[in-house]
Amino acid sequence: MSKLKEIQRRRTFAIISHPDAGKTTLTEKLLLFGGAIQVAGAVKSNKIKKTATSDWMEIERQRGISVATSVMGFEYRDIKINILDTPGHQDFQEDTFRTLTAADSVVVVIDVAKGVEPQTEKLVKVCRMRNIPIIVFINKMDRPGKDAFELLDEIEQKLFLRVTPLSWPINMGPAFKGVYNNFSNSLTLFTPGKQVIEEGIEINDLQDKTVDEYLGDDADQLREDIELVDGVYPEFEVDKYLDGKLSPVFFGSALNNFGVKELLDNFIQIAPPPIGRNSDTRQVVPEEDQFSGFVFKIHANMDPNHRDRIAFVRIVSGTFKRNTYYHHVRLDRKLKFASPTAFMAQKKSIVDEMYPGDIVGLHDTGNFKIGDTITEGELLNYRGIPSFSPELFKYVENASPLKAKQLAKGIDQLMDEGVAQLFTGKHTGRKIIGTVGALQFEVIQYRLEHEYGAKCRYEHITLYKTAWFRSTNEAQLKDFRARKANQIALDKEGREVFLADSQFSLQMAQQKYTDIEFFFTSEF
Ligand code: G4P
């Protein structure tokens, strides 16, 4: 197959949702369609249940699972689909943000009863920053939930998405009868508890008597609903969807395998093939001859005796080849990889060649950090993996004086993996760890001890936010640096950040230093 064909038949996407909306269940059903798994229940839930937040074994078990499920590739009707897994637990939200940079589109799963939940809002916001095409899947239609029109309103208001339903539910909960596909004019009927894939029944005219035969009393309601749908929502246009300006909505029940095939069939038709990426020098497109890609995730080995890791690289352009020298741009070094891995049907296997859109797993002994670019020699750096100002902070101190070196190395490597962010007081030299969730502090402490033989202790710090800052007004910068000397730290790249101890002090600084810009993501 030609390289162009290989590119065009790839779809790389992520499923995002608030925990419990049905992401794992939907993933599993998609894999079943692709023949990637044979039985339901084969996809282990990659989520740390709320009750298990302090359970170390659980975290370790999760780390094992999340390597296996980091990317799930399968073939469906000649299309190579790569599903990027995103952690469900909100403490690992930043992992999800980074994973989204490797996706070309997303499917958002929403629980019909719960509607738009906080984590969905945050994740969709990040998708909108890049105008990623979004498909919405309203799940759990077999359960009582919100009225479909109200729910679509809520999605438009809270997620700032323009939507158009491509399928429409006929009732819900125990009375759920199925969906009418407004795009293909077909009716798909739901039989509770029956996981057989129902084929759509073609309907030429909704006024037709056969519709009454299938739906009984619900037929008139459907006619009314569809009239309203046609009047209220815009016609679906693929180009608008691809620009991130219009999201098609499907209704179904992942658990009952209902509406999933419809979602998948539409997905492979409309979802974008691999999209190029912006670098600091130019826009790179997949069709280019020369290989390039970026690291969006690093996973430490499960075996604490081997500190090696897997770096997950999204291929942006060219063909990645085994045993070929590539250029690690940040280190300005040539590296080659003897056993690059692909993840097909939940199995890892060594591959010789991979194409844009694919995710290749590279064995790493500490050369990579998140955001690194590899190329065939060109000096470019992919953009788009910002760090966000963390929400929780603690001083980290060495708890075993003889192990200072191990501690420093451990912290360094964990930060490269993107577990948390490190700030070092410019004057005090004290190290501050910032995270988005409380769980990471425990993970760091545990992993430092078990993988690096170093013990750390946390100390309280009153810190509201960190803000990167810059200004062209040298006088203001000088004054700010002098007055806030004890509140300025350096991030891992050596850039200055302001450590604001309260919302008030941040506001005061913003008001006083009008020529200084403060940023809450690292990319500005
Ligand atoms: P997540 O990955 O988004 O966190 O959600 P997950 O798929 O684990 O689903 C959360 C719960 O919702 C699961 O039940 C799952 O069985 C259920 N679920 C998913 N899709 C549907 C659906 O279409 N209808 C109904 N009624 N339930 C659905 P659980 O009891 O929490 O877990 P489990 O013990 O069944 O695994």
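A disulfide is counted here as a pair of cysteine sulfur atoms within 2.5 Å, and by this rule the protein chain has zero disulfides. Cys127 is buried because its relative accessible area is 0%, where buried means under 20% relative accessible area, exposed over 50%, and partly exposed in between (1.4 Å probe, protein chains only). Cys456 likewise counts as buried, at 7% relative accessibility.

The structure is a predicted model, in which local features need pLDDT of at least 70 and side-chain atom pairs count only at pLDDT 80 or more, whereas totals for chains, interfaces and linings use all residues. Residues are numbered from 1 along each chain as its sequence is written, and side-chain values use heavy atoms, with hydrogens and water left out.

The protein chain contains 14 helices and 31 strands; these are DSSP runs numbered from the N terminus, with helices (H or I) of at least four residues and strands (E) of at least two. Of its 524 residues, 56% count as buried. The chain exposes about 22,800 Å², of which carbon and sulfur atoms supply 49%; the areas come from the Shrake-Rupley method with a 1.4 Å probe, and for residues only the protein chains shown count as cover. Among contacts (heavy atoms within 4.5 Å) with a separation of 6 or more, 72% join residues 24 or more positions apart.

Spanning residues 218-232, H8 has 15 residues and reaches 21 Å from its first C-alpha to its last, close to the 21 Å expected at 1.5 Å a residue; the expected span is 1.5 Å times one less than the number of residues. An α-helix has 3.6 residues a turn, so residues three or four places apart point the same way. In H8, the buried residues include Leu222, Arg223, Asp225, Ile226 and Val229. The buried residues of this helix pack against helices H6 (148-159) and H7 (209-215), and against strands E6 (163-165), E7 (167-170), E8 (178-181) and E9 (186-189).

Thr120 lies in helix H5 (residues 118-129) and is buried, since its relative accessible area is 2%. Leaving aside neighbours within four places in sequence, Thr120 is in contact with Ser17, His18, Val108, Ile110 and Leu159. Thr365 sits in the loop between strand E22 (359-364) and strand E23 (373-375), and is exposed because its relative accessible area is 61%. Thr365 and Ala300 are 65 residues apart in sequence and 9.8 Å apart in space, C-alpha to C-alpha.
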